[in-house]
Amino acid sequence: MRDTRDERPVTPPPRPADDGAPKFGRLLIVLVLALLLVVAITFGSEAYFG
């Protein structure tokens with residue numbers, strides 16, 4: 001007796017909707033934080049060395 005599960009085509013699991021999609025909100029937050037860090041370092045070094 002054969003198992004009927006062997007005859008079913010193998011379907012790949014469904015992919016999440018955001019799989020591989022760029023996350024522009026997170027990127028924007030990281031870029032703003034990096035810019036604020038550069039500004040803080042600049043003003044801090046001016047105050048320290050100036």
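Helix H1 has 26 residues, which at 1.5 Å a residue should span 38 Å; its end C-alpha atoms lie 37 Å apart, so the two agree. The expected span is 1.5 Å times one less than the number of residues. This is a predicted model, in which local features need pLDDT of at least 70 and side-chain atom pairs pLDDT 80 or more, while totals for chains, interfaces and linings use all residues. Numbering runs from 1 along each chain as its sequence is written, and side-chain values use heavy atoms, without hydrogens or water.

The chain comes to 1 helix and 0 strands. Helices (H or I, at least four residues) and strands (E, at least two) are DSSP runs, numbered from the N terminus.

Of the chain's 50 residues, 0% count as buried.

The chain's accessible surface is about 5,300 Å², with 68% belonging to carbon and sulfur atoms. Areas come from the Shrake-Rupley method with a 1.4 Å probe; for residues, only the protein chains shown count as cover.

Now the side chains. Leucine 33 sits in helix H1 (residues 24-49). Leucine 33 is exposed, at 53% relative accessible area. With Leu28, Ile29, Val32 and Leu36, Leu33 forms a nonpolar surface patch of about 500 Å² accessible area together.

The structure also holds 1 aromatic pair. The ring centres of tyrosine 48 and phenylalanine 49 are 4.9 Å apart and the planes stand at 80°, so the pair is edge-to-face. Rings of Phe, Tyr and Trp (its six-membered ring) pair if their centres lie within 6.5 Å; planes under 30 degrees apart are stacked, over 60 edge-to-face, the rest tilted. Tyrosine 48 and phenylalanine 49 are exposed.

Note on methods: Buried means under 20% relative accessible area, exposed over 50%, partly exposed in between (1.4 Å probe, protein chains only). Patches are made of residues with over 30% relative accessible area and no salt bridge: like charges are joined within 9 Å, nonpolar side chains (Val, Leu, Ile, Met, Phe, Trp, Tyr) within 5 Å. A salt bridge is a side-chain nitrogen of Lys or Arg within 4 Å of a carboxyl oxygen of Asp or Glu.
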